[in-house]
Amino acid sequence: MDAVNPTPEQLQKVLADTPKDQPVVMLNLLRFRDRANYKEEAPERTGREAYSLYMEEAAACVRSVGAEVIWSGRSVGSLIAPPDESWDQVLLVRYPSIDAFMAMIESPEYKGVVKHRTAALQDSRLVANLENRM
């Protein structure tokens with residue numbers, strides 16, 4: 001099943017299960033559409049081009065909550081995965097807390113740019129992770 005945006009139930013579960021006082025690293029696994037699929041009229045773009053536009057426009061939203069992209073790169077293949085699972089891009093974003101992440105995705109500024117992400121992606125995974133504190 002392709003997944004692009006979280007459901008309200010998924011958001012609530014992650015909110016409930018994530019400590020509020022720890023940084024959260026979001027693992028983004030991204031598979032792009034050949035052609036971006038906007039709901040409204042937009043210039044012709046590839047999925048990768050639409051995602052690049054999303055990253056440009058979302059950068060201020062990320063910074064405004066104290067978050068940062070800590071790693072981004074192209075995926076070259078999976079060693080352990082279902083045979084039909086592949087990803088084009090991997091992205092790690094560190095947020096000061098799960099509340100900072102929620103503040104970002106609920107902001108009017110972010111809601112104005114997320115259309116590029118939605119249009120760009122055929123499939124994705126967004127996994128919240130806590131750093132080890134041993």
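Mentor: The backbone nitrogen of Ala100 lies 3.1 Å from a polar atom of the Ser97 side chain. That is a polar contact: N or O atoms within 3.5 Å, one able to donate a hydrogen and the other to accept it, with residues adjacent in sequence counting only if both atoms are side-chain atoms. The model is predicted, so local features need pLDDT of at least 70 and side-chain atom pairs 80 or more, while totals for chains, interfaces and linings use all residues. Numbering runs from 1 along each chain as its sequence is written, and side-chain values use heavy atoms, without hydrogens or water.

Ser97 sits in the loop between strand 3 and helix 3. Helices (H or I, at least four residues) and strands (E, at least two) are DSSP runs, numbered from the N terminus. Ser97 is buried, at 12% relative accessible area. Buried means under 20%, exposed over 50%, partly exposed in between, with a 1.4 Å probe and protein chains only. Leaving aside residues up to four places away in sequence, Ser97 touches Lys20, Gln22, Pro23 and Val24; contact means heavy atoms within 4.5 Å.

Now helix 3 itself, residues 98-106. Ile98, Ala100, Phe101, Met102, Met104 and Ile105 are buried there. These buried residues pack against helix 1 (8-17), helix 2 (47-64) and helix 4 (108-120), and also against strands 1, 3 and 4.

Take helix 4. Helix 3 packs on helix 4 at about 70°, with axes 5 Å apart. Axes are lines fitted to C-alpha atoms over the stretch in contact, and angles run from 0 to 180 degrees between N-to-C directions. That makes the two helices roughly perpendicular, the label for 65 to 115 degrees. Met104, Ile105 and Glu106 of helix 3 meet Pro108, Tyr110 and Lys111 of helix 4. The contact residues divide into 4 nonpolar, no polar and 2 charged.

Strands 2 and 3 pair over 6 bridges; DSSP must find at least two bridges for a pair. Arg74 stands opposite Gln89 in strand 3.

Last, strand 1 (residues 24-32), which holds Arg31. Arg31 is buried, at 13%. The Arg31 side chain reaches the backbone oxygen of Ser86 at 2.8 Å.

Conventions
Parallel < 35°, antiparallel > 145°, perpendicular 65-115°, else oblique. Nonpolar A, V, L, I, M, F, W, Y, C, P; charged D, E, K, R; others polar.
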